[in-house]
Structure formats: structure tokens, C-alpha cells
Amino acid sequence: MEMWHASVGSQNVRTVVPNSMKPKKDVQPGTLALMVLKTLDVLGPLHGYGIARRIEQISGDKLFVNQGTLYPVLLRLEQEGAVESDWAPSENNRRARFYRLTRAGHKLLDAEKRDWDQTSAIIARFFEVKAEDLA
Amino acid sequence: MRILNRLFMRIRNFSGDRRGDERLHEEIEAHIAMQTEDNVRAGMPPTEARRQAVLKIGPIVAIREQYHEEEGLPFFEHLLRDVRYALRQLRKSPGFTATAVITLVLGVGANAVVFSVLNALVLHPLNVYEPRRLFAVEHKEHAYYMQSYPDYIDYRDDNSTFSGMAAYDTTDLAVIIGNSAVKSYGYLASGNYFDMLSVRPAVGRFFHASDEHGVNSAPYIVLSYDFWRSRFHSNPNIVGTTVSLNTHPFTVIGIAPSDFHGTEIFFWPDYWIPLVDAPETGYSPHFLANRATHNLWILGRLKPGVTAQQASDDLNAISRRLAQQYPREDDDLDARLVRPGLMGDVWGDPIRAFLAAIMVMSALVLLAACANLGSIFAVRAADRTRELAVRLAIGASRGRILHALLTEAVLVSVAGGMTGTLFASILLELLSRWQPFGDYPIHVVALPDARVYALALLLSVGSGLLFGLLPARQIWQTDAAQAMKGGTSASPVLGRFSMRDVLLCVQIALCMLLVIGSFVAFRGMERSLRTPLGFRPQGVTIAETQLGMGGYTEAQSWPVQKRMAEEAAQIPGVSAAGVIDRVMLDNDCCGSESVFRQGTTDFRSSQESFAAHNFSVSPGYFAAAGTRLLAGRDISCHDGSNTPQVAVVNATFAHLLFGNAPAVGQHFELFGGSLREIVGVVEDGKYETLTEAPQPAMFFPLAQGMNGNDTALVVRSALPPMDMAAALNRMMDGIDPNIPLTVRSWPDVLDLALFPARAATGALAIMGLLAAMLAVTGIFGMAAYSVNRRVRELGIRIALGARKVQLMNAAIGRPIVLLCAGSGLGLVAGIFATGLLRQIVYQANPGDPAVLGGAVFTMALLGFAASAIPARRALSIDPSSLIREE
């Protein structure tokens, strides 16, 4: 994503490569699905490109993801019944496949969110602990 | 739920033709197009915009892979790919595939057949409630299984360890259906028989202990399901009507369930009647009353928690008491429990021993097959070194290659195992439909069940995997660069022996052992056929009947028998005719009786001189049977009820009682003191089995009362058997149309006596044949491979002027050396395996020079046949064309 932002600013391709060498966070396994779900939850039906762009914007440049990896994740969510998809014309009248959260998807998102909150709360507590607290 | 849903989708995607690829393609195209538009809008030139878009989406091929893996079932996809690859590989080398599959078919098929029979006859208990608690009560002396009815009653009533005890015997009676009398086989069973077994009737009811109120008090008959269906067309109204058994009416009270065939595995009865009604059908009343008349089998069900040992101790305590109480009849009574179903251990012992030995043999065949399989897989791996090296070099992991080879091995083994099992089931189907002994209700039902299929699958996949993986080591060590550079390196002729050599050697040794087994069996068969029988069966027709079936009492039967003999002798073309009560070497021959010296007064069985087979004959029987008279005279028509009691004895009898002194004119006594004068001595014969040691036998005149209703008319003639049968049936219709007549030729009757020898010879011959086929494939494969691999070297040798002998030595020296070594090992093993072979063949002697010579000759012949083609190939190598090829 960094590549793309870099190229938006400058048309010089060569600047892209060093930029992309900057340390970036890899997406943790499973979190991409959560981001997809949340994106669809907030923004309603979207096509793949739209989802990719939103994730990019929301995560604010800090994530490195090959946009293509989104499609296996979408397929998987669809197979699990969390999303549904259909062909529909896009905003500039291109045929695109739109993904939409199902009721099962909402439930899944809630469950995942709770899990995530719990995990991060536990981790956070670990970081807050000082030696004297445990004495 | 989510996981299930997903799995379902995946399976659907996997099985159906998939549109996902198209969809992904379209989505990615749209994605790139939109990104490109955005890039252009941000100010990039169109080509750069698209390039950036493509870069951004990532490696499309990898994404597609990932997408696929999400979409379908990758494990199965890989498997499918491996299977397709393996199939292609196997198609490419049909020789290898055919050899491997045939090897497995032989090995697995043989084992499936033998195990099915073992399973059905030995491992499977009787098809009744809690069969493990059922035991037959025999005497301690092996194969002495008959009990008397009074002893049975005492055992039944006095024991404390059995919850029930029943007695039964098999019988044949004339059942009149419509207008014709049909000889049918059935059981005489004690009243509690069905209750003790916990069998429920299909129709009507069974008889119970409460139906018995003394002799002839329960004229009831229970029909077997098959008999009911075939003779009474499954008519349920038959229950309550009467059928005639030996002209006496019996009421049909019920039909047995279709899966109940009595308590003997081979003998499937047509009906059951109460034992107490046996006299009604013509049995002597002694049958039930006399403690010394042993005619019954006892079957008991142990109480829960009681061991067989406790039960047999219990019965032996009763036996000792009975011996004290009835010293004349029961002084040697004792009891032993055996597994029921195969006539106690009368058939059980030899059948179990025979099957165990054959099972070992077939396991050896399988082992030989596996050795063969191992060596052809090894050869194949060696041949494919270069291909495997290429695959390694272009990046296949060793695990992946192993996986592919494994798939190949499993495919081959499953194909071989399935074909083998198919052949086995066809064979077993034939065996189950086979009725070896004419109308006698013998069934050998050994249809394969789940256990057999499981074994076959296990054996085939197990042997395929194990021996298909032998070359894995080879693959693991493959150095790709070396293999591709140098091709295969020639191995020295007599260098270190490889795994392959050991396998072939073992295989040859096993084959030699099995070939020896076949030869031993053939020798045993030949000996059986050459044994002097004491009669000349060729050209003799036997017409059997039971006069009781016509309603004759024992006292009334002699005139009928006499008339039969006289009228048969008048038939044109008949040279001699006589009557005997039992047919020698037939399945129900013989009975024996205690013989005492003249002057004995103590008739306890411990005082007897010996027990001799007893026969009753008419004048002229010996002439008709072709038995030679050694001294004295034949029974004559003047020996009757008012003349002195006489007997003709055989040579063994005379020798046992009088040594070398002439026996004619001497006397002996039977149980109870009846005195008999010996008027003639005839040659010894075989009475029960072809392999028995010489037995004493005595022949009484039918006219002198020692006479049952059993009648066998023995007719010697030159007429064809069919004409003879027709003439005899016409004759019998003239005497009494109610008497059913069974006409057979004596050689046919002998088939039964020859059956064990035939079965053993057949089984061993098949094993030997399988082994020989395996040996041929093994040697051929080895020799062909060794020539193939060394074509170049052999060509150079020819070019340098090697002589033919040297060339042969180089080409097929090693297989020949292995053949000799393996055969030697096999010979030694064969001599040590005498004990095993003795279980199958009477007096097996693998040390017999004819056997050893035959086996060595066979192996030499096989070796020659198998290596001839590779040897010719080696000799026909044209060095010039070979070198030009390089």
C-alpha cells in the first residue's frame, strides 16, 4: 500500500522500491478476515477493490498487504456463510462482485470482536504489570 | 456448523466443475481496472498506472493457488494428481504392472480362500445363542464320540455344571411326499434339543422335553426351512398335517428358521424328530434301552461361570459312579469336552490340523509373492533412477516423490488385492454350492464375510506398502547429479548381495518348499490309489436301501434281501450279485463288535480280545465284490437260523486270534456268549479309510439274524452303469415299489474315501502351482533385468571376443546362483517341514527320493524356462549396432 501511496505522490517509479523496503507490519493471520468483516459492517456492500482501499485508509499506511490475498479470504468467508456476493455494476459502471455481510457474518463479527477485546485486554494488563505489583 | 458448511461447499467445488477460477479472474481484472483508473486520476500515465496496479495486487499465480486451496480439498487434489500420475506411469510399463498385480492376485487370492474356509469351519461357532458355552461330550479316547442313551440320561440328570444337555443322532428315513418315497436325512433329537439351543421356530412350534412320555410317545416332525421350501413349497398349512416316515405317520408341528442347520457344520438336516420315536421308524428298541449301544452325540451348554475343566471333572465323577454301578457296560466310561460342530474331534481334529497347515502354506505363498513384489519394485526404482533424479533436480522434495511412489504401490496392491478377492469369492461361491457326496446333505459354506474382506485388504495394502517401500532407501540416497551424469553403474556379478538378491533367494526357497509339498501330496495320492482294497470295485454297481423304509421289521428283511440278490443275478449281463449290510469305504461304514476267545464268561470290555468290524452278507457277496477266499468256504444258502452259527473272518482276524494256526473250524464268542464257528478266511481289506492299518473283520450270514435293515445289493456286471441302474430299479419295483433305491457305482462310492487324499493333493498342487508361477516370474524378472541393465557391457564383451559360456555367466550367472542357493535352502526346509506336511498328507515323507528328484527337476526346469528368454537376448546382442547407438 505504501507503494501505491508513494506512486500517487510521485511518478518516479524508482522511488517506490526503496519505500517499500521500509519496515511494515505483516497482517497477522485471521485479522484480515476481521478487518473485512468490520469494513463491510461499517460501509455496507462493497466490491473487492473497495474493501482493499478502505482497509488501507483505515489502517493508515501501517499495514503491508498484497491486495490480491483479499480474494481467498473473501471466498473463505463466503463459504462460511459470513458474507454473500453478487455481480453488480460499480460506481463507474464496471461489472464488479459486491460483498455483503449476512446475519451469520454479523454474529461472527461480534464474536470475533469480543475475542479480540478480551485478548488485547489481557495483553494490555500484562504490559501494565510492574514488578512490585506481583511481589 | 460453519465448518460443516464450508466442508460441504468445498466438496461441492471439488466434485463439480468449478467456475471459481473464472470468477477470480474477472474480479482481479475489475480490481486492476479500478486501481488503474484511480492511478490515472492521480496523474500517472496509463501504462505506468496499470503496471503499478498489477504490482500492487501481488503475485497473481500464488493468489490463485491460495484461492484454489481455499476453494477445494487440496489434500484430495494432490492425491488425485498422484493417482493420475501413478496410473500414467503404470500404463507406461504394463509388464511391471501386470507382474505386480498377478503376484498379488495369487498371494491374496490363495489366502482369502483358505482363510474363508478356516473362518467358516473353525473360527465361526455354531449359529445359535451363546455358542461359546456349547460343548460336545466325548470319551477320552480320541475320535470315540458315540454315547448310549441311558448314559446320556444319567449325565443329563446328575450333573451340576450344565444348564442343559441334549442328545442327537443323524438318520436317513424315507419321507413319502406325493406318491414317491424320498430318502431324506435328518436328526433324531432329544426333546430338549431346541430349548437348550434357544432356537425359535419360523412357523408352528418345536418339540419339548414335556412332549416325551416314553418310547414312541411323540410322533412329531420339525422340518428344516430349505426342506419345507423345496418339498412343500413353503406351504404354512403343512403344519398340523401328517407325513409318512418309513411308512409311519408323523405330525408336522413346526418349521425351523432358515438360518438354523442343526448342530453339525457340514450336515444340514431336512427334519428333526424326537429321539424317543426312533423305534417307531424301525430302529431297534435296544437303541434307547441298552447302555452298551453307543449311537448318540451329546451336546451340553455350560452354566454361566463354569469352566470346561470343572464340567469335565463333574462328568467324569458321574462316569466313575456309572462304571461301578454297571461294570458290564460302563467299565471304561469317561468324558471329555470338545468344541461341537465337526462331529466332535472325529472330523474336528483332522480338519483343524489340515486347515492350519494349509493356512501356513498359503502364508508362505503370500510371503513368496511379497518377496517377488519387493524385488520388482526395487528393480523398477533402479530403472527409474534417472527420472527420479530429474524430478529431484527440478525441485520435487524427496517426500513428494516418496508420496508418489507410495501411491503407485497402494494402487497396485489394491488392484491386485481386489482382483484376488474377486477370484477367491468366485471360488468360494462354487465351493459353497458344491455337494461333494451326491444326495448326502453335506454343505461346505465358506462364503467370505467382513472378516475375510478385511484380511484381504490388510494383506494386500500391507504387502504392497511394505514391499513397495523397500526401494525408498534407494530414493533417499539418490544423488541427483550423479544419477543424471553417469546413468546406472554396472554391478559386479558376484559382489555384495543386495536386498534384491536376498529377496529372490528367499522366494525361491519358499517356492521349493511348496513344490516339495505338492510332490509329497502326489506321492501320497498315488500310494492311496495303489493300496490293495480287499475287493475289486471296478464294474460293480451298488444299490442301497433301508428296508425299514418299506415298513419291514428286521425279522422280515432277509427274505426280501435274498430275493433281491437272486433276481439281480438273473439280470442279463450280471456275473455275480450279493447283499451286504454296509458298503465298505462308504461314509457310514463301519461298526465294530467285541470278540472274545471261546470259553470266556466275563464280557467286560477290558476282557475282549479285540473289536472287529462286523458285516452281514448273503451267499455270493464275496464273488460279487471280488474278495478272494483264502481258506475254507463262502457263506452258503444252507447257513440258516436252524444251522450252527458261522462266520467268515479276514486274515488279520485269524492271525490275531489264532496266530499262524489254521482258523477254519475254530470258534470265538461275541458279547453275551454266542458262539461262532469260523468256516472261511478271506483276504484283508480297507473298511473305513484307505490309510487305515489292517483291521480285523468278520462276516456273518444275513440269514442268521445278525441283521439290520440296511441293505446294499452288490452287482458285478459288464453293463454300462446307466443301464444297470435302470435294470435294478425295474427289478426293485417288481419286489416292492415303496422301497427307495439309491444306485451308485462302487468307484463313485470310493470317491468319498479318496476325498481327504484328493483334497490334500488338490490344495497342495494349487499351492505348488502358485509357487512355481511366482518362481518363474521372479527368476525371469531378475534375469531379464540383469541382461537389460548390462546390454552395453555385454556388447563390449562380445566385441572383445567373449565366448558364449562367459557371456552367459555374465548375463544370467547371478539368477542361476540364487536359484541354486534358494532351492538348496528350500530342500533343507522341506525335510524339516515333514511335521507340517504330515498334517495334510498321510505318511508324508519329503526324504522320498522320488519327491526330492521331482522337486529338483521341477525347479531346474522352471529356472531354465524363466531364464531362456533373457539368455537368448544376451546372446543376440549385436555389438556393432550397440556401439553405433552411443
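In the predicted model described here, Asp86(A) has Phe98(A) in β5(A) as its bridge partner. This pair belongs to the contact between β4(A) and strand β5 of chain A, residues 95-101, where 7 bridges join the two strands in an antiparallel arrangement. Both strands are part of an open sheet of 3 strands in chain A, which has the order β2-β5-β4 and antiparallel pairing. The edges of this sheet are formed by β2 (46-47) and β4 (83-89) of chain A, each of which pairs on one side only. Helix α3 of chain A, residues 31-43, packs on the sheet and touches β2, β4 and β5 of chain A, its direction making about 95° with that of β5(A). Helix α5 of chain A, which spans residues 70-79, lies across β4 and β5 of chain A and runs at about 120° to β4(A).

These elements are set within a chain that has 7 helices and 5 strands, and whose elements, read from the N terminus on, follow the order α-α-β-α-β-α-β-α-β-β-α-α. Of the 135 residues in chain A, 26% are buried.

On the side of α3(A), the contact is made by Leu34(A), Leu37(A), Lys38(A) and Asp41(A), which meet Gly105(A), Leu108(A), Leu109(A), Glu112(A) and Trp116(A) in α6(A). The residues of this contact of α3(A) with α6(A) divide into 5 nonpolar, 1 polar and 3 charged.

Turning to chain B, the model contains 29 helices and 21 strands in this chain. Of its 886 residues, 44% count as buried. Among the contacts in chain B with a separation of 6 or more, 81% are accounted for by residues 24 or more positions apart.

A helix pair in chain B is formed by α15 (residues 398-433) and α16 (residues 450-468), which pack at an angle of about 145° with their axes 8 Å apart. The crossing in which α15(B) passes α16(B) is right-handed. Residues contributed to this contact by α15(B) include Leu405(B), Leu406(B), Ala409(B), Val410(B), Gly416(B), Gly417(B) and Gly420(B), while those contributed by α16(B) include Tyr453(B), Ala456(B), Leu457(B), Ser460(B), Gly464(B) and Gly468(B). The residues of the contact of α15(B) with α16(B) divide into 12 nonpolar, 9 polar and no charged.

Strand β16 of chain B, residues 646-650, is largely enclosed by the rest of the structure, because 5 of its 5 residues are buried. Val646(B), Val648(B) and Asn650(B) point one way from β16(B), whereas Ala647(B) and Val649(B) point the other way, and all are buried. With strand β18 of chain B, residues 675-682, β16(B) is joined by 5 bridges, the two strands running parallel, and in this pairing Ala647(B) stands opposite Ile678(B) in β18(B). With strand β19 of chain B, residues 697-701, β16(B) is joined by 2 bridges, the two strands running antiparallel, and here Val648(B) has Phe699(B) in β19(B) as its bridge partner. In general, strands of a sheet pair through backbone hydrogen bonds, either parallel or antiparallel.

A further position considered in chain B is Leu754(B), which is found in helix α24 (residues 746-789) of that chain. Leu754(B) counts as partly exposed because it has 17 C-beta neighbours inside 10 Å, a residue being counted as buried at 20 or more and as exposed at 12 or fewer. When neighbours within four places in sequence are left aside, Leu754(B) is in contact with Ser528(B) and Leu690(B). Leu754(B) and Leu529(B) are 225 residues apart in sequence, and their C-alpha atoms are 8.3 Å apart in space.

Terms used:
Residues numbered from 1 in each chain as written. Chains lettered and ligands numbered in written order. Predicted model: local features only at pLDDT ≥ 70, side-chain atom pairs only at ≥ 80, totals over all residues. Helix = DSSP H or I, 4+ residues; strand = E, 2+ residues; numbered from the N terminus. Pairing = 2+ DSSP bridges. Contact = placed C-beta atoms within 7 Å. Axes fitted to C-alpha atoms, helices over the stretch in contact; angles between N-to-C directions. Left-handed = near helix turned anticlockwise from the far one by under 90°. Nonpolar A, V, L, I, M, F, W, Y, C, P; charged D, E, K, R; others polar.
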